[in-house]
Each structure stands twice: as structure tokens, then as C-alpha cells.
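Colleague: I am new to this structure and would like to go through one part of it with you, step by step.

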Amino acid sequence: MTPTTVRAGSSSGIMWLGGVLAFAGLMTALSSTAMFVQGDPIGAVVTVLVGVVMLMGGVSLFLLAKRACARIDGRGVSWSTMLGARGFVPWEHVHHVSVPGMGDPGDAVLLWLHDGSVVPIAPLRRTQSADDNTGPHPWYLRAGSTVVRAHQQWLAAHAARGRAGGGHGLS
């Protein structure tokens, strides 16, 4: 299975915002050169400081948003939020995956484990409330279907190995 990274639309937007802010900060800092050449060293220093703050803020936003994603591969699902802890659940612990709709409990793609516990994939949250009549956002449905499909592929490969005698059966 090819590893896939799934990112929320809001994270992608924040990554773009961070990139634009970093570029604007860089251009602001570079424009201070003209101020210095024109004989305004105080203005040049202030402009450089503003540009550096903008640059650092943009880079920080970009890196935090880039961190907020889920990675799906042959071993399982791993994820992290912008500031939260990382999580990982191997496929062999997953009984099934569900993508809650607007009226269903849960606001993120859910991993139902064999032990009966439920683990939400935090960065793959539904962005609308239950009161929103528009339905789940398409990126949320695509992300959920990607996780469901990956789990089904793992189950099929695992079952084929079990039938061939190369592994143990499904539990």
C-alpha cells in the first residue's frame, strides 16, 4: 500500500497563509535596504525587525499546519494535530472504520478497535455542526473514504495471507 497523507482543508489554507506571510516578511525585510541606502537607518532597522517577525510567524504557521495531518500506510494510521501529541493505531487493532455523518455521534473519522474502544483521528474532523444543512464537507468524506479503503485493503491482504498459510487468520 502506498503511504498517503491526508490533510484537512483548513490546514492546507493555513499552510498557504503561512507561506504568503513568510514571503511578505522576506520582502519587507529586503525593502529595508532601500531605506538604509536613502539614509534612514532607524526606519531600516524597524522595517527589518517587522519583516523578520512576519517571516518567523509565517514559517511557524506553515510548519504547524504541515504537522496537522493523518498518514495512512500498510502498517496503520498515524496522525498529529498542530500542537497535540502524535497518535498511531496499527491495522491489526482496528475492527472497522466509520465516517460519522451529520446526525451521527462523533465529529471525526473513527477507528473502532477489537477491544471495544473507539479512537478518533483528530486531524480528520468534520468541520460543520449537526445544525448545518449542507452535509459533511467533501474533503472530510474523501479523507474518511481513504481510511476505510486502506483498512479494507489491509483486511483483504491479511485474509489472503491467512488462506495461503503464510500468516495467522483474522481475529
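Colleague: In which sense do E6 and strand E7 run where bridges join them?

Modeller: Bearing in mind that this is a predicted model, one can begin with the bridges, of which four join E6 to strand E7, residues 118–125. Within this pairing, tryptophan 112 stands opposite valine 118 in E7. The sense in which the two strands run is antiparallel.

Colleague: What do E6 and E7 form, and which residue in the turn has a positive phi?

Modeller: The two strands form a hairpin, with four residues between them. In that turn a positive phi of about 95 degrees is found, and the residue that has it is glycine 116.

Colleague: Strand E5 also pairs with E6; which residue in E6 is the bridge partner of histidine 96?

Modeller: Strand E5, residues 94–98, pairs with E6 in the antiparallel sense over four bridges. Histidine 96 has its bridge partner in E6, and that partner is tryptophan 112.

Colleague: How many of the six residues of strand E6 are buried?

Modeller: Buried here means under 20% relative accessible area. By that cut-off strand E6, residues 108–113, is mostly covered, and the number of its residues that are buried is five.

Colleague: Which element gives the most to the largest nonpolar core?

Modeller: The largest nonpolar core has 22 residues, and Leu111, Ile121 and Leu124 are among those with the most contacts inside it. At least two residues of this core come from each of several elements, including E5, E6, E7 and helix H3, residues 138–163. The element that gives the most, with six residues, is H3.

Terms used
Residues are numbered from 1 along each chain as its sequence is written. This is a predicted model: local features need pLDDT of at least 70, side-chain atom pairs count only at pLDDT 80 or more; totals for chains, interfaces and linings use all residues. Side-chain values use heavy atoms; hydrogens and water are left out. Buried means under 20% relative accessible area, exposed over 50%, partly exposed in between (1.4 Å probe, protein chains only). Two strands pair if DSSP finds at least two bridges between them. A nonpolar core is a set of buried Ala, Val, Leu, Ile, Met, Phe, Trp, Tyr and Cys residues joined through side-chain atoms within 4.5 Å.
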